[in-house]
Amino acid sequence: MNMDMKVLVEKYGTPLYVYDFDYIENRYTTLKEAFAGKKSLINYAVKANSNLSVIQHLAKLGAGADCVSIGEVRRAMDAGVDKYKIIFSGVGKRDDEIREALEKDILLLNLESEAEMKRVEMVAKALGKEARISIRVNPNIDPQTHPYISTGLHENKFGVEIDMAKRMYIYANKSEFLNPVGIHFHIGSQLTKLEPIKEAAVIVADLVRSLKAIKIDIKFFDVGGGIGVVYSDEVTIPAEAYTQVIFEAVKGLDVTLLCEPGRYMVANAGAFFTSVLYEKVNDGKRFVIVDGAMNDLLRPSLYNAYHKIEAVGVEGETTSADVVGPVCESGDFFGKGVQLPALEHNDLLVIQSAGAYGFTMASNYNTRNKPAEVALEAGVDRVIRKRETYEDQVRLEREYLK
Ligand SMILES: *Cc1c(COP(=O)(O)O)cnc(C)c1O
């Protein structure tokens, strides 16, 4: 397997992202089956990996899309996601984004503040349309995950408190231009504990019951994303256990369940390959310098996130090393204290679990070209994004040279 990967990576060069499409299919099917017996739609969170071919692969399986910008909505539609399976979330939306989403007639806009609701109403009015909306409720639950990816506490910028949500639903229900069809929560990412999800679902389901009691008929119950994955030795939530607590919470309610997994679908489908440039030792400390960098895969630098790193097809006694890129920042590392054998120029390293929030967070810092992306499906590899070139990078600047 490792030697096969070496041959495959040599074909495309490094740094390189490779995604296993069969794994993505398997994840989708596992989760979808866990929802069996209930009306449900899986809205893949496009921000995790927004490559058109990745979205298309999921769309063909029946997935919808959860988008956080109009760019992502366009990607979803380009990739063939049915418009009635697209939701547009996010804490801030420009008027032109709202307008385009309404014109495209997507399933719903997910709102995160009263001010946003008023903007959506104005834009809908100008278009003479009724906007289907849901409201993101912040249930004030500690998801017990990394503070940067925790979103379900009042101290976070996301969603609105229960009382505010209720007032917003009452307002929207009376408005000619708003149709409150959904409710939403998303308490954080990389969740490995079921209890916070359960608590949030119960709180939000109770709100739905009280809304139904005043004739506000919520049709879509969106439980957000955030299901955790294994990066090292995490114990994750089984799909069946996850859906079971949701089924329990919505008991007796006639709703379609939406869920918005990103990481769950793609994180462990992806690997990032990088070649060794050389090794160096500074005052007894070993560094392995590779051709990939924080601009390609930011998670270690941004969150101090752990990614398993292995040498591909290199044997030998291992010692501890920091794996670092060429970018001019001390924060430019993929792993610290990684056990690796002695490495030579062009030896290949694989950084595992890089399918989510990898390429989508890539930048051109240090005028580095973004890596190529390759899909592996039924044993066949194909490019799904060309390696960027210097010309691609300067295209929008060159004409302004004097
Ligand atoms: C980021 C995000 C998701 C996806 O999160 P994952 O942890 O990748 O599953 C889902 N819904 C919303 C609203 C998000 O912001």
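Predicted model: local features only at pLDDT ≥ 70, side-chain atom pairs only at ≥ 80, totals over all residues.
Q: Which residues of helix 5 are buried?

A: A residue is called buried when its relative accessible area is under 20%. In helix 5 that applies to Glu97, Ile98, Glu100, Ala101 and Leu102. Just past this helix, aspartate 105 has a positive phi of about 60°.

Q: Where is lysine 93 placed, and is it buried or exposed?

A: Look in the loop that runs between strand 4 (86-88) and helix 5 (95-104). Lysine 93 counts as buried because its relative accessibility is 10%, and the cut-off for buried is under 20%.

Q: What does the side chain of lysine 93 reach?

A: For a polar contact, look for a pair of N or O atoms within 3.5 Å. The side chain of lysine 93 comes to 2.7 Å from the backbone oxygen of asparagine 110. A second polar contact, of 2.5 Å, links the side chain of lysine 93 to that of glutamate 116. If you set aside neighbours within four places in sequence, lysine 93 is in contact with Phe88, Ile98, Leu109, Asn110, Leu111 and Glu116.

Q: How is the N-terminal end of helix 3 capped?

A: Find asparagine 51, which caps that end: one of its side-chain oxygens lies 2.8 Å from the backbone nitrogen of serine 53. Helix 3 covers residues 52-61, and its buried residues are Ser53, Val54, Ile55, His57, Leu58 and Ala59. Just after the helix comes glycine 62, with a positive phi of about 115°.

Q: Why does alanine 205 count as buried?

A: Alanine 205 counts as buried because its relative accessibility is 0%. This residue sits in helix 8 (residues 194-213). Leaving out residues up to four places away in sequence, alanine 205 touches Phe221, Ala249, Val250 and Leu253.

Q: How many residues separate alanine 205 from phenylalanine 88 along the chain, and how far apart are their C-alpha atoms?

A: They are 117 residues apart along the chain, and their C-alpha atoms are separated by 21 Å. Now take asparagine 346 and valine 276: these two are 70 residues apart in sequence, with 5.1 Å from C-alpha to C-alpha. Asparagine 346 belongs to the loop between strand 14 (333-341) and strand 15 (348-351). With neighbours within four places in sequence left aside, its contacts are Lys6, Ser275 and Val276.

Q: Let us step back to the whole chain. Into which domains is it divided?

A: There are domain 1 (5-16 + 268-398) and domain 2 (35-261). Their C-alpha centres lie 33 Å apart.

Q: What is found where domain 1 and domain 2 are in contact?

A: Here 18 residues of domain 1 are in contact with 15 residues of domain 2. The area buried between the domains is about 1,400 Å², with 50% of it from carbon and sulfur atoms. On the side of domain 1 that touches domain 2, helix 11 (299-303), strand 16 (372-377) and strand 17 (380-385) each supply at least two residues. The residues on that side divide into six nonpolar, six polar and six charged.

Notes:
Residues numbered from 1 in each chain as written. Heavy atoms only, no water. Domains from an automatic or database assignment. Contact = heavy atoms within 4.5 Å. Buried area = accessible area lost by both parts, 1.4 Å probe. Helix = DSSP H or I, 4+ residues; strand = E, 2+ residues; numbered from the N terminus. Nonpolar A, V, L, I, M, F, W, Y, C, P; charged D, E, K, R; others polar. Buried < 20%, exposed > 50% of the residue type's maximum accessible area, 1.4 Å probe, protein only. Polar contact = N/O pair within 3.5 Å; in protein donor to acceptor, adjacent residues only side chain to side chain.
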